[in-house]
Amino acid sequence: MRTCMVAYTFYETDNRVRRYAETLVRRGDQVDAIVLRRPGQTPFDVIRGVNVYRIQKRVVDETHPFTYLAKLLFFLLRSFYMLSTHHLRRHYDLIHVHSIPDFEVFSTLIPRLMGAKIILDIHDIVPELYASKFKISIKSFPFRLLVWMEKLSVRYSHHVIIANHLWFERLVSRSASLERCSTILNYPDPLIFHSVKGPATQHSDEFVMCYPGTLSWHQGVDLIILAVARLRDKAPNLRLLVFGDGPERDKLQALVKEHRLENQVTIGAGVALEQVAEVMRHVDLGVEPKRKRSFGNEALSTKILEFMAMDVPVLASDTLINQRYFSGGLVDFFVSDDVDDLASAIFRLMNDSQRCATMRERGLQYIQLNNWDAKMHEYLDLVDVLVQPQTKKPSPHFHRGTLSDSDQPSSV
C-alpha cells in the first residue's frame, strides 16, 4: 500500500505523524510525508524508511491571524501540487491529512477524485484553538466561519480521527457523524520512549524539571519560570529545562532575564523525538502547566504519557482533560494558572521521594496498557477497512465511532 502523510508540522518533532508513518513502513507499506522545513534543513530526507518532503520553510513566530493564515494557504497550494503530481506518477491508496488546519484536507482533491481514501486527523480542534490563540469570542464571525470549514472538511473526508474523547464528543455534536469518526490518543512509541533507569535520581545535588513542547501562551510555560523564581531561596538547586518552538519564546527568555534565572532556567529549540527522550531520561520531574481557562483545558498533552514511559513523575495542571485521563494518583495536580500552588507542589515533590517513586510505578503500569504497541491495531484496522473494504475485515479490537469502555485508556 502507498500512503502519504500531509502535515503542517516539523516531521522530526511530531510524535503523532511519525508514529503513524513509521508503523506503516514497519509492516511493509511505502510512505511519503509532506511537511514543513526548519531553517538549515534539506528539502528531502529519508527517516526510518519514510520519504520526507519538506516543502515550505517556517519560523514559528506568528502573532497576527493574517500572517498565520497566509503561511497555511501557501502550504495548501504547495501540498496540492505535490500530491497531485506524485499521485499521477504513482497512485496513492491512502492520504492521511493532519490538522491543523482542517482545510488542508482539500489538498487531496485530485487523488481523491481518482480513488484515494482520505483520513482527516484532528490533532487540535481548530475553532477553539484559533479563539484562544488570537483572543476572539466563540460568538464571533471568524469562529463561526471556522466551524463551517470544520464541517466541510469532515464531510469531504472518508474518515476522521480525533485526538481525545472530549473533542470526539464536540465534533460529533456539531460537525460529524458517529460512524465516520474514531478516537486515537497520542500514545507514546516504545521504540523511542521507554524506561532504562532505576528509581534512584541521576543528579546528586540538583533537582531538574523539564517542559518539552510548544511555546504558546495557553501552554503556561511562563508559570513554571515564575514558580522557579518564587523558589529561588528555598530551592537553589532547582533547575528547569525548556525546549520547543513557538511565538512566546522571546517573552519567556525576557522573563528569565528579568528574574535573573539564567543559571537555573535553560530554553532550547525544538529537537527530534529521539533527543526529547534522551533529555527526559535524565530529569527528575516533568511539568505540564496548561492554562485551563483557555484552549488548554481540553487539549491532551502527549508529553505526560511520554514522561510516564520514561519513568519520570509528572506534575500537571488540573485541566478538565488531565483529570479525565490521569486521576487516581497517576500524576500530581496543581491549580491551573496559580503560580503559588505550582511552586508549592514543586517544592513538595522535591522533598517527597516516596511520592515520586509511587507516581513512577503507577505511570509505568499505566503505560504498559497505553502505549503505541498495545494500541496500533486501532489505526491499522481502520486503514485496512478503508482501503480494502471487500477483502479486509476489522479485528475484534476495531471500534468505529463508539465511546465504549474499550475506547478509553486502560486503567491500572
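## Stop one: salt bridges

Counting across this predicted model gives 28 salt bridges. Let's visit a few.

Select Arg48 and Glu274, and show their side chains: they meet in a salt bridge, with 3.3 Å from N to O. Arg48 sits in the loop between β3 (44–47) and β4 (50–57), while Glu274 belongs to helix α9 (residues 273–280), so this pair ties together parts that are 226 residues apart in sequence.

Next, select Glu169 and Arg324, another salt bridge, whose closest N and O atoms are 3.3 Å apart. Here two helices are linked: Glu169 is in α6 (residues 165–174) and Arg324 is in α11 (residues 320–325), 155 residues apart. Glu169 is partly exposed at 34%, and Arg324 is partly exposed at 32%.

Now pick Lys292 and Asp318, which also form a salt bridge with closest N and O atoms 3.3 Å apart. Lys292 lies in the loop between β12 (285–288) and α10 (302–309), and Asp318 in the loop between β13 (314–317) and α11, so the pair ties together parts that are 26 residues apart in sequence. Colour the two by accessibility: Lys292 is partly exposed at 33%, whereas Asp318 is buried at 15%.

To finish this stop, select Glu128, Glu150, Arg170, Arg174 and Glu298 together; salt bridges with shared partners join these residues into one network.

## Stop two: the nonpolar cores

Select Met5, Tyr11, Phe193, Met308, Phe326 and Tyr379. These have the most contacts inside the largest nonpolar core, which has 55 residues. Which helix gives this core its largest share? Helix α14 (residues 372–387) does, with seven residues.

Zoom in on Tyr379 and show its neighbours. Leaving aside residues up to four places away in sequence, Tyr379 touches several residues, among them Met5, Tyr20, Leu24, His96 and Trp372. Then move to a second, separate core of 39 residues, which includes Leu36, Ile55, Val126 and Phe295.

## Stop three: the cysteines

A disulfide is a covalent bond between the sulfur atoms of two cysteines. How many disulfides does a search of the whole structure find? Select Cys210 to see an example: the nearest cysteine sulfur, that of Cys356, is 15 Å away. Cys210 is buried, at 0% relative accessibility. Finally, select Cys4, which is buried with a relative accessible area of 0%.

Terms used
Residues numbered from 1 in each chain as written. Predicted model: local features only at pLDDT ≥ 70, side-chain atom pairs only at ≥ 80, totals over all residues. Heavy atoms only, no water. Buried < 20%, exposed > 50% of the residue type's maximum accessible area, 1.4 Å probe, protein only. Disulfide = S-S within 2.5 Å. Core = buried A, V, L, I, M, F, W, Y, C linked by side-chain atoms within 4.5 Å. Helix = DSSP H or I, 4+ residues; strand = E, 2+ residues; numbered from the N terminus. Contact = heavy atoms within 4.5 Å. Salt bridge = Lys/Arg side-chain N within 4 Å of Asp/Glu carboxyl O.
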